[in-house]
Amino acid sequence: MKKHAKRGAGATRPKPEPGYHHGELQEALIAASEAILAEQGAEGFTLREAARRAGVSPAAPSHHFGNAQGLLTEVAIRGYDALAGALREAASGKQGARDKLHAQGLAYVDFALTHPGRFQMMFANKRLMADDARLRQASRAAGHAFEIVVAELVGGTAKEAKTAAAAAWSTVHGFAKLALEEKFGSVKNEAGRREIMMTLDQVLNYLWPASGTRR
């Protein structure tokens, strides 16, 4: 993993916190960060609180991630990787491009509702290391999952397909943001989430209807 803090040539590596192996501590800090983000949003996040929840010293996060930006950037990278996987999986079981895109739209919003803290941090540019190469790559990979399906659906030139993909992404991303703000009902219970997904299904059917179904 990319190091976010430089050390001198003669510096010694910090010792792992008691009870944790190196990789386990990183995962514990990431999990703690996501829990804080889900509960309190980006404004409630601090390195000290992440360390407290992980059961380590306040200095431990900086040993592994450099600073708050470094830790939150890793959270965002993991988010993009997981989202890209969810979008590819959603399309994989479908035959036609329209059904693939429809499934991806549902998967995108379901991801946002399931991982609200992670999802919101993925797009909180001011809190992330925007020049991080891994972050840019992960973001592009998630976008590409949409682009290849939209290109199959609309045909045309590469530019036209990219424009259509931007429209599809804007639609489901905007819906996800509104859903998290509970504009379509409560996200705090399964019944509310089912209602939200039913509304999204209707929206997607209107925008990308099955052949011959739109009046």
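Reader: Phe 146: buried or exposed?
Author: First, a word on the source: this is a predicted model, where local features need pLDDT of at least 70 and side-chain atom pairs count only at pLDDT 80 or more, while totals for chains, interfaces and linings use all residues. Residues are numbered from 1 along each chain as its sequence is written, and side-chain values use heavy atoms, with hydrogens and water left out. Buried means under 20% relative accessible area, exposed over 50%, and partly exposed in between (1.4 Å probe, protein chains only). Phe 146 has 3% relative accessibility, so it counts as buried.

Reader: What kind of aromatic pair do Tyr 108 and Phe 146 form?
Author: Rings of Phe, Tyr and Trp (its six-membered ring) pair if their centres lie within 6.5 Å; planes under 30 degrees apart are stacked, over 60 edge-to-face, and the rest tilted. The structure holds six such pairs. For Tyr 108 and Phe 146, the centres are 5.9 Å apart and the planes 40 degrees apart, which makes the pair tilted.

Reader: How many residues apart in sequence are the parts that this pair ties together?
Author: Helices (H or I, at least four residues) and strands (E, at least two) are DSSP runs, numbered from the N terminus. Tyr 108 lies in helix α5 (residues 97-114) and Phe 146 in helix α7 (residues 133-154), so the pair ties together parts whose separation in sequence is 38 residues.

Reader: How are α5 and α8 oriented to each other?
Author: Axes are lines fitted to C-alpha atoms, for helices over the stretch in contact, and angles run from 0 to 180 degrees between N-to-C directions. Under 35 degrees counts as roughly parallel, over 145 as roughly antiparallel, 65 to 115 as roughly perpendicular, and the rest as oblique. Helix α8 (residues 158-180) packs on α5 at about 30 degrees, with the axes 9 Å apart. That's why the two are roughly parallel.

Reader: And α8 with α9?
Author: Helix α9 (residues 190-207) and α8 have axes that come within 12 Å and cross at roughly 155 degrees. These two helices are therefore roughly antiparallel.

Reader: How many charged residues does the contact of α5 with α8 have?
Author: Contact means heavy atoms within 4.5 Å, and the α5 side includes Tyr 108 and Gly 105, meeting Trp 169 and others in α8. Ala, Val, Leu, Ile, Met, Phe, Trp, Tyr, Cys and Pro count as nonpolar, Asp, Glu, Lys and Arg as charged, and the others, Gly among them, as polar. By class, the contact has 12 nonpolar residues, two polar and, for charged ones, no residues.
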